[in-house]
Amino acid sequence: MASIISPRTPAEWEAYYHLRYSVLRQPWGQPAGSERAEDDAAPTTTHALLLAPDGQALGVGRLHPSGPQQGQVRFMAVQAQTQGQGVGRQVLEHLEAAARQQGLTEIVLHAREQAVPFYERLGYTVVAPSHTLFGTVPHFLMRKVVVA
Ligand SMILES: CC(C)(COP(=O)(O)OP(=O)(O)OC[C@H]1O[C@@H](n2cnc3c(N)ncnc32)[C@H](O)[C@@H]1OP(=O)(O)O)[C@@H](O)C(=O)NCCC(=O)NCCS
């Protein structure tokens, strides 16, 4: 299986953002650019990208520090035709390993309702309901202790 990289070249960043947009924003009619976050460029933000041999992104996700010893995972997305084949697990486990390397002991995230069983399978537990995105996508705050 291909390994996870951090996007560096313009083509890798384009593939990274294209997947984020097509999975997490375009289906809700959101404008191009809405998939980008200001702190994407922060040196403390870790980006994970799994590329197919043709240069398309198969899976993406990111981690940023969100409190003392706490990290937050955001923008997890797997290409539609590739979902259910272990890519999401590979991306998330990569980010968890990065969190441990950074000395973080807990990861939190806001999961879309349909993704809650995926995160539960990976050891996360629901803390509480959180926001509703675009007026229609309920989210749940989840957490996992990731002490090495
Ligand atoms: C959610 C998402 C990132 C998961 O990635 P994925 O590649 O499809 O998931 P994986 O194949 O790695 O699944 C890992 C494990 O979770 C399980 N799982 C995944 N989705 C599940 C579901 N809806 N219900 C139950 N189990 C599920 C898998 O069976 C697998 O278990 P196994 O390792 O025992 O076989 C991906 O489906 C996706 O991009 N969905 C649309 C966008 C989205 O909701 N992103 C999350 C925003 S918070």
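Reply: Among the contacts in the chain with a separation of 6 or more, 57% join residues 24 or more positions apart; contact here means heavy atoms within 4.5 Å. The model is predicted, so local features need pLDDT of at least 70 and side-chain atom pairs count only at pLDDT 80 or more, while totals for chains, interfaces and linings use all residues. Residues are numbered from 1 along each chain as its sequence is written, and side-chain values use heavy atoms, with hydrogens and water left out.

The chain contains three helices and six strands, where helices (H or I, at least four residues) and strands (E, at least two) are DSSP runs numbered from the N terminus. Read from the N terminus on, their order is α-β-β-β-α-β-α-β-β.

In soluble globular proteins, nonpolar side chains tend to be buried together. A nonpolar core is a set of buried Ala, Val, Leu, Ile, Met, Phe, Trp, Tyr and Cys residues joined through side-chain atoms within 4.5 Å.

The largest nonpolar core has 26 residues, and Leu63, Val73, Tyr119 and Tyr124 touch the most other members. At least two residues of this core come from each of β1 (46-51), β2 (57-67), β3 (70-78), α2 (87-101), β4 (106-112) and α3 (116-121). The greatest contribution is that of α2, which supplies six residues. Tyr124 may be followed in detail: leaving aside neighbours within four places in sequence, Tyr124 is in contact with Leu92, Glu96, Ile107, Leu109, Tyr119, Met142, Arg143 and Lys144. There is also a second, separate core of eleven residues, including Tyr16, Tyr17, Leu24 and Ala37.

Phe75 lies in strand β3, is buried at a relative accessible area of 10%, and has a phi near 55°. Gln69, by contrast, sits in the loop between β2 and β3 and counts as partly exposed at 48% relative accessibility; phi of Gln69 is near 65°.

Terms used. Buried means under 20% relative accessible area, exposed over 50%, partly exposed in between (1.4 Å probe, protein chains only).
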